[in-house]
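Let's walk through how the copies in this assembly meet, one question at a time. Have the coordinates open while you read.

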There are 4 protein chains.
Amino acid sequence: MSFIYNRTVRFSDTDAAGVVYFANVLSICHEAYEASLEALGINLKAFFTNPSIAFPIVHANVDFLRPMYCGDELRVRLIPQKLSVDKFEITYEIVITDVLVAKAITRHVCIDVNSRSKQELSGEIMQWLETNRKEAEGAERRKSREVM
Amino acid sequence: MSFIYNRTVRFSDTDAAGVVYFANVLSICHEAYEASLEALGINLKAFFTNPSIAFPIVHANVDFLRPMYCGDELRVRLIPQKLSVDKFEITYEIVITDVLVAKAITRHVCIDVNSRSKQELSGEIMQWLETNRKEAEGAERRKSREVM
Amino acid sequence: MSFIYNRTVRFSDTDAAGVVYFANVLSICHEAYEASLEALGINLKAFFTNPSIAFPIVHANVDFLRPMYCGDELRVRLIPQKLSVDKFEITYEIVITDVLVAKAITRHVCIDVNSRSKQELSGEIMQWLETNRKEAEGAERRKSREVM
Amino acid sequence: MSFIYNRTVRFSDTDAAGVVYFANVLSICHEAYEASLEALGINLKAFFTNPSIAFPIVHANVDFLRPMYCGDELRVRLIPQKLSVDKFEITYEIVITDVLVAKAITRHVCIDVNSRSKQELSGEIMQWLETNRKEAEGAERRKSREVM
């Protein structure tokens, strides 16, 4: 099974239009990424606060299909994929009671923080990619079987 | 027992000092308020989006005792109290593994949204105050007994 | 000339990596959109708070070329374009002392807020598109001449 | 004259109640603090990103007198005051066309970042305190004269 992050929409996520402010949807996706790292036993403080290796986002995109309201129970499905020796991307699908409400991608590059030069994906992140990729593939296979 | 809201510190909560940005601590407290309303079966969308009666915050204060880092597991204890016929306040205690890291208060007044005039606390919020007050008192009594 | 929005990076924009949190770059772009509406005399409160016609974002994407730090003076250039009878998009280029640090797009659809059904772009937004398109084209022409 | 920070309320500042989200008022105050440091020639990147000396907030409070809407033009008046050898506080008054809409305080302590132990206020911040205190006192005197 893919990694799923459950998240209730909070009042601070919303704007004067009464729905989630568009950029906050990407923050919610990033929370799912953090939760999936944590689920693998990765120490978030060490990973995100003054690390020697980091994975800054070089590209993000998001499609908004339906508005999200305060109190909505979101399920964020996360599917990461290795792109190259120093790059990976994550696809996020946000669902409310089985209806897709948003879809997003974040693309990350591995860098040495001091020099800010690219470097190969670390063992830690390779393991996370491996774990979540397999799980996502499993989900895809199950989905295909259900369709047949 | 008092209502407790568990919340992992997210990367978006932090600032360039490497810790939770001060104003975000109040947002985390407000999330605890939302979660406690939800726990009583109150519909958050109806409560916060275009309601006829609202409970805007007229005062907030917060003391920061220790820094909070990305990945920290916060426990937010919420203790509401009725102040007058149209006002209540909530005390929040944020704890990381039994150490108090921040303490905050939000004070709310009940208003008719269209006229923006004060009005008596609604039955819904009175029930929420009653439920959480009892629970908080129970916790106080238990604490006193432990001390004795 | 294209519309330019000047914006200093604030501490609250940053995260524990010491740079602007990725999703906040899109918020800064949205501020530029708001400033350009305001520059045309559009009342922002009426436009964004309980309007009958709204322009929700259906797609956004952003490329991050360089990190942005607290105190950095950003210049956000805004180039809107009509896409169809009910849709437009805005391209944003964020520059620090002539170096492009990020590029983003937001795509908006015009809706009737009550029915949430699509409708033709309003006269107000058509005038804004017209004004800013001409200005952007002027900038493009000048750029071409400089190149030749 | 006191330092004044002019700030338009942005869509991202608002919530589903249609007004500025309470905790964001404190962020706007912090922006005024940053702008006043900048006005004195202090480098914000050096001051806020990986400094050896920092001024974390140990207490904040805010009173909300009137709602603030998207597009509102805020004037934030900043009055800092030294409290002790290692502590200062800032009072903020937020005004819309001469009407006070919110009042806030942030209290800061000077620390050595590595040891996180308190230390005397730096020369830089003492100069900032001196400059802004005098200006605020001047404003107070003028106000008194007007009243008499």
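Buried area here is the accessible area (1.4 Å probe) that two parts lose on being put together, summed over both. This is a predicted model: local features need pLDDT of at least 70, side-chain atom pairs count only at pLDDT 80 or more, and totals for chains, interfaces and linings use all residues. Residues are numbered from 1 along each chain as written, chains are lettered from A in the order written, and side-chain values use heavy atoms, without hydrogens and water.

Q: How much area do chain C and chain A bury between them?
A: Carbon and sulfur atoms account for 58% of the buried area. On the chain C side, Phe22(C), Phe64(C) and Arg116(C) supply 25% of what that chain buries against chain A, more than any other three residues. The area for the pair is about 1800 Å².

Q: How many residues does each of chain C and chain A bring to the contact?
A: Contact means heavy atoms within 4.5 Å. By class, the side of chain C has 14 nonpolar, 7 polar and 2 charged residues (Ala, Val, Leu, Ile, Met, Phe, Trp, Tyr, Cys and Pro count as nonpolar, Asp, Glu, Lys and Arg as charged, and the others, Gly among them, as polar). Chain C gives 23 residues, and chain A gives 23.

Q: How many salt bridges are there between chain C and chain A?
A: The rule wants a side-chain nitrogen of Lys or Arg within 4 Å of a carboxyl oxygen of Asp or Glu. Polar contacts do turn up, in 8 residue pairs with both at pLDDT 80 or more. Such a contact is a pair of N or O atoms within 3.5 Å; within protein, one must be able to donate a hydrogen and the other to accept it, and residues adjacent in sequence count only if both atoms are side-chain atoms. For salt bridges, the count is 0.

Q: Which element gives the most to the side of chain C that touches chain A?
A: Helices (H or I, at least four residues) and strands (E, at least two) are DSSP runs, numbered from the N terminus. Helix H1 (22–39) and strand S3 (57–64) of chain C each supply at least two residues to that side. With 8 residues, the top contributor is S3(C).

Q: What joins strand S3 (residues 57–64) of chain A to S3(C), and in which sense do they run, parallel or antiparallel?
A: Two strands pair if DSSP finds at least two bridges between them. Along this pairing, His59(A) stands opposite Asp63(C). The two strands are joined by 5 bridges and run antiparallel.

Q: How many salt bridges does the rule find across the interface of chain D and chain C?
A: Here 19 residues of chain D are in contact with 19 residues of chain C, and the buried area is about 1700 Å². One salt bridge joins the side chains of Arg10(C) and Glu34(D), at 3.9 Å from N to O. The total is 2.

Q: Which residue of chain D comes closest to the rotation axis?
A: Chain D superposes on chain C by a rotation of 180 degrees with 0.0 Å of shift, RMSD 0.0 Å. The two copies are therefore related as by a two-fold rotation axis. At 5.5 Å for its C-alpha, the residue is Arg7(D).

Q: How many residues lie between S4(D) and S5(D) in their hairpin?
A: S4(D) and strand S5 (residues 87–96) of chain D pair in the antiparallel sense over 9 bridges. Within that pairing, Leu78(D) has Tyr92(D) as its bridge partner. The number of residues between the strands is 2.

How values were computed: Least-squares fit on C-alpha atoms with pLDDT ≥ 70 in both.
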